[in-house]
Amino acid sequence: MADAEIRGTVLLLKAPKDTGEDPFVVMLKQAGYRVVLVPVLSFNFVNQEILASALSNADKYSGIIFTSVRAVQAVDKALPKLRNADAHTSPHHLRCFVVGHTTASAAKEAHFQPQGADTGNAEKLADFILDAMDKGEKRPLLYPCAQLRRDTLLDRLQSSDCNIEEVIAYETVPSEAIQKDVTCAFSSEDPPDSVVYFSPSGVQFTESLVEEGVLPLKSLMVYALGPATEQALVSRHFPVAGVAAKPDPDSLLQLLLKK
């Protein structure tokens, strides 16, 4: 694509993809954007023994909830031997609820059969789960999550008498190279004119860069991938130009094309 057709430079503040090309980067580049991806998050898996104990008693649960790729990875890491377990005792037979197509793809790769990928956010996923579950079900749903998880999903489910067993399965920590990577992005010949936040954690971990002027949000079009991330920006009085309808590449592209 010729330079005249370049739509602009987009800074993506998101967790790095472990393998393969990032689908957000691929789609935006195909649409004519320059893309700079700065990994703002790093992850540590924790409580593996607790998670393994829960998964080894899978029949105790009515299902499992994944709200991130890292939660899927934590489960897959906790009990690798379960791939050879009896189908009736393996956690892979559990009803599996996910938010977003990226998490759904990870769940499929980990041998689960995810439902709810189209819900797009925690509140809609909660409603989907409540509609899908048997009204008389007393067994809890297993919810492996991060230490920084928001309360939206839990509050909505628990207020409707849906039992949840939460296991903190990973810790979200800031990338050590955030400041250097962001500084480099804005020192280039084609600095970003738009920035996309993918999580409330990303907002939190870049707050000091905004305050120091390293990340000049006031001169950028700022976008959020979902209402939780939007709320994190708004609570800090950061500008928000738009919110993606769903946490997937196509929704983000449609949002950017509106500007």
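**Briefing: a pocket, a helix and a serine**

The lining of the second largest pocket is made up of 3 nonpolar, 3 polar and 6 charged residues, where Ala, Val, Leu, Ile, Met, Phe, Trp, Tyr, Cys and Pro count as nonpolar, Asp, Glu, Lys and Arg as charged, and the others, Gly among them, as polar. The model is predicted, with local features needing pLDDT of at least 70 and side-chain atom pairs pLDDT 80 or more, while totals for chains, interfaces and linings use all residues. Residues are numbered from 1 along each chain as its sequence is written, and side-chain values use heavy atoms, leaving out hydrogens and water.

**Pocket**
- Among the residues that line this second largest pocket are Asp134, Lys135, Glu137, Lys138, Arg139 and Asp161.

**Helix α8**
- In α8, the residues Ser201, Gly202, Val203, Phe205, Thr206, Leu209 and Val210 are buried, that is, under 20% relative accessible area with a 1.4 Å probe and protein chains only.
- Just after α8, glycine 213 takes a positive phi of about 85 degrees.

**Serine 251**
- Serine 251 belongs to helix α10 (residues 249-257), and this serine 251 is buried, because its relative accessible area is 14%.
- Apart from its neighbours within four places in sequence, serine 251 is in contact with Ala244, Ala245 and Lys246, contact meaning heavy atoms within 4.5 Å.

Key:
1 Å grid on protein atoms, 1.4 Å probe; cavity = no way out; pocket = protein on both sides within 12 Å on 5 of 7 lines; lining within 4 Å. Helix = DSSP H or I, 4+ residues; strand = E, 2+ residues; numbered from the N terminus. Buried < 20%, exposed > 50% of the residue type's maximum accessible area, 1.4 Å probe, protein only.
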